[in-house]
Amino acid sequence: DWTMDNLAEQKVAEIREQVGEDRVILALSGGVDSSVVAALGARAIGKQMTCVFVNHGLLRKGEPEQVEEVFTKQFDVDFIHVHAEDRYAELLAGVTDPEQKRRIIGTQFWNEFFAVAKQLEEDGRPVKYLAQGTIYPDIIESGARKTGGKASTIKSHHNLIPFPEGVHFDLIEPLDHFFKDEVRELGLALGLPEHIVYRQPFPGPGLAIRIIGAVDPEKLSILKDADAIVREELDAYNQRLFEETGERNSEHSCWQYFCVLPDIRSVGVMGDERTYARPVILRAVESSDAMTADWAKLPYEVLARISGRIVAEVPGVNRVAYDITSKPPATIEWE
Ligand code: XMP
């Protein structure tokens, strides 16, 4: 609508004015907020903005390709895809403690990110500004976050960013007065695809905290495949509800949905053969702010389809369980 278009133009003008001829760097996660900042930056300053996409190998199936597609083909920014999958795999090998996983992933993220900034400087393209997708609720909550170490390291309030010695950036936070709904509207006005604008929340540490116990390539592959099926089925389910109710997050639609891979096996049977394979746990919740959540009362036929498809299509899985716990006392994620 026209107000969002005006607001977009106003933000674009502000960024141009602030940045002048200088270079801006952005940690682009593929989430809504950083993607909207990238889209704004593309319109305001084009290739003066370097978008760093650190691929830790823990994203959902197809996601790195989608992010790369949007920010190389559709938007005119300087896009850098950092392939850090092997480095993360090595750092995470054998690590089972959830908070240790988070620390390793968060710390390595900044190592990768600052390495790019340093390289730009060495190439004679020094960075003056760091753009961030901080939104208004982030600022309000950062004082009062009760999840402690679980807050996003990417979006955490800027004083938490561990700048290396001697490194300084001025900050650009064009969304700091926006609520989430407004960020989505702005994203649509800027031409971002709906799969980014309506993307469900996804934790910074990615699939590592959905694999109970140590992360390894086989478990990652199982989880990615099972998760892709869950998303396909529940995206379609949400879309049907949206068409019926006109609401994106209606009373019965799910807000966040994914699979968890526990570190156990269970007995099953396939043909005449006994199997001893992995279960996956389906988690689907209704929520508005993630502070509280209720398990989604999905229709049996939707659950049946998801279960049937996962055991048929994902090798190594012989059982699907559904988590029917609300938050509190559980949390949305398992780690
Ligand atoms: P919990 O599991 O605490 O999750 O109920 C609440 C919301 O936060 C997300 N979450 C994270 N996001 N880094 C993030 O950026 C994290 O370490 C993290 N842990 C949980 C979770 O997906 C849910 O939306």
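Here is a friendly question-and-answer tour of this predicted model.

Colleague: How many helices and strands are there in the chain?

Modeller: Let's start with the overall picture. The C-alpha trace spans about 70 × 45 × 40 Å along its principal axes. As for secondary structure, the chain has ten helices and ten strands.

Colleague: What radius of gyration does the chain have, and what would a compact globule have?

Modeller: The chain has 335 residues, and for that number a compact globule would come near 20 Å.

Colleague: Which domains is the chain divided into, and what separation do their centres have?

Modeller: Domain 1 covers 2-202 and domain 2 covers 216-322. Five residues of domain 1 are in contact with eight residues of domain 2. On the domain 1 side, the touching residues divide into two nonpolar, one polar and two charged. Taken over C-alpha atoms, the centres of the two domains are separated by 28 Å.

Colleague: Is V32 buried or exposed?

Modeller: V32 belongs to the positions that UniProt lists for "binding site" in an unreviewed entry, along with S29, G30, G31, D33, S34 and S35. V32 is found in helix 2, residues 32-45. Leaving aside residues up to four places away in sequence, V32 touches V183, R184, G187, I196, V197 and R199. The cut-off for burial is 20 or more other C-beta atoms within 10 Å, and V32 has 24, so V32 is buried.

Colleague: And S35, is that residue buried or exposed?

Modeller: S35 is also listed by UniProt under "binding site" in the unreviewed entry, and is found in helix 2. Not counting residues up to four places away in sequence, S35 touches L28, G30, G187, L192 and I196. Since S35 has 27 C-beta neighbours inside 10 Å, S35 counts as buried.

Colleague: What distance does helix 9 reach from its first C-alpha to its last?

Modeller: Helix 9 runs over residues 217-245, which makes 29 residues. At 1.5 Å a residue, 42 Å is expected. The helix comes close to that, reaching 41 Å.

Colleague: Which elements do the buried residues of helix 9 pack against?

Modeller: The buried residues of helix 9 include L220, L223, D227, V230, L234 and N238. In general, an α-helix has 3.6 residues a turn, so residues three or four places apart point the same way. The buried residues of helix 9 pack against strand 6 (256-260), strand 8 (273-286), helix 10 (300-313) and strand 10 (317-322).

Definitions and conventions. Residues are numbered from 1 along each chain as its sequence is written. This is a predicted model: local features need pLDDT of at least 70, side-chain atom pairs count only at pLDDT 80 or more; totals for chains, interfaces and linings use all residues. Helices (H or I, at least four residues) and strands (E, at least two) are DSSP runs, numbered from the N terminus. The expected span of a helix is 1.5 Å times one less than its number of residues. A residue is buried if 20 or more other C-beta atoms lie within 10 Å of its own, exposed if 12 or fewer, and partly exposed in between; C-beta atoms are placed from the backbone. Two residues are in contact if their C-beta atoms, placed from the backbone, lie within 7 Å. UniProt positions are given in the numbering used here, feature names are shortened, and annotations may be inferred rather than shown by experiment. Domain bounds come from an automatic or database domain assignment. Ala, Val, Leu, Ile, Met, Phe, Trp, Tyr, Cys and Pro count as nonpolar, Asp, Glu, Lys and Arg as charged, and the others, Gly among them, as polar. The radius of gyration is taken over C-alpha atoms; the globule rule is 2.2 Å times the number of residues to the power 0.38.
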